[in-house]
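Please open the model in a viewer and follow the selections below in order.

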Amino acid sequence: MKRKITVALAGNPNSGKTTIFNNLTGARQHVGNYPGVTVEKKEGACRHGDVDINVVDLPGTYSLTAYSIEELVARDFIVEEKPDVVVDIVDSSNLERNLYLAVQFMELGVPLVLAFNMSDMVKARGYEFNLPKLSGLLGAPIVPTVGHKGQGMEELLDAVVATAQRTATRKSAFIGYGKEIEEELRKIEPLVARDEALAGRYGARWLAVKLLENDKNVREMISSPDVLDVVRQSESRIEGIFGDPPELVITDRRYGFISGACQESVRSTVEARHTMSDRIDSVVTN
């Protein structure tokens, strides 16, 4: 059993990630920079039971596609440093948008815990989550939190330690991109798998998806012109079918998965509340 673990806190900007970082680490934190860049690196420490936890507050980011230095820093830390657990702080009052980052962690296959922050706002707005159902669909434990009130921190640490100590990695949900894109991925995956060192770090499927998404950083990792030529042919076929470049189609399929998961596990009670309010008004204002 591990007595010391490293946890990476990730999340969209304004998801409450920094508040939760401060709740967990208190004064036991320090600030530096990631190597070679000016992006701030915040680290802290806490203890839960007999486990010492090093907590790294990753830059706020909406995606793991390297459009910005913050996205690249967050992705590189997770791939290179291999934290024992990634905690994705989700603004649960804006669930579908925030789950887009979670889906990309699922694609990477990292040990993941989801902190559904601002859960008090969700309840106030008349929504109820079937968390066991949603957890099963996403392949990760979910912990409701209210960061500014310090609620859910013990439960979050329980989930973190349990995930880190799990001997068998929990199987992430599979994100399918539809028949046409899956067909092209099957052509690209075996080619990138030939570079065993690269495929070992990232996974052949993940690399194939990023190549189709035209991820500049990943393309620079590929030394074989034959692989890039196959990718270009796949891009052309996909754009010919959908009228959009692959990165837009893949994004749409991710949101489709998120939307489907939310439809199965999120219930609105607003209609019921309005019905009761209307009944009261009909009596009081008559």
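Select strand E5 (residues 85-91) together with E6: the two run parallel and are joined by 6 bridges. This pairing belongs to a predicted model. At Asp91, the bridge partner in E6 is Asn117.

Next, select strand E8 (residues 142-144), which runs parallel to E6 and is joined to E6 by 3 bridges. Here Ala115 has Val143 of E8 as its bridge partner.

Keep E6 (residues 112-117) on display. All 6 of its 6 residues are buried, so the strand is largely enclosed by the rest of the structure. Leu112, Leu114 and Phe116 point one way from E6, while Val113, Ala115 and Asn117 point the other way. In a regular strand, side chains alternate between the two faces of the sheet.

Which residues surround Phe105, leaving aside its neighbours within four places in sequence? Phe105 is in contact with Ala10, Leu64, Ile78, Val86, Asp88, Val110 and Leu112.

Finally, select helix H12 (residues 246-265). At 1.5 Å a residue, its 20 residues should span 28 Å, and the end C-alpha atoms are 29 Å apart, which agrees. Among the buried residues of H12 are Pro246, Ile250, Arg254 and Ser265.

Terms used: Residues numbered from 1 in each chain as written. Predicted model: local features only at pLDDT ≥ 70, side-chain atom pairs only at ≥ 80, totals over all residues. Heavy atoms only, no water. Buried < 20%, exposed > 50% of the residue type's maximum accessible area, 1.4 Å probe, protein only. Helix = DSSP H or I, 4+ residues; strand = E, 2+ residues; numbered from the N terminus. Pairing = 2+ DSSP bridges. Expected span 1.5 Å × (residues − 1). Contact = heavy atoms within 4.5 Å.
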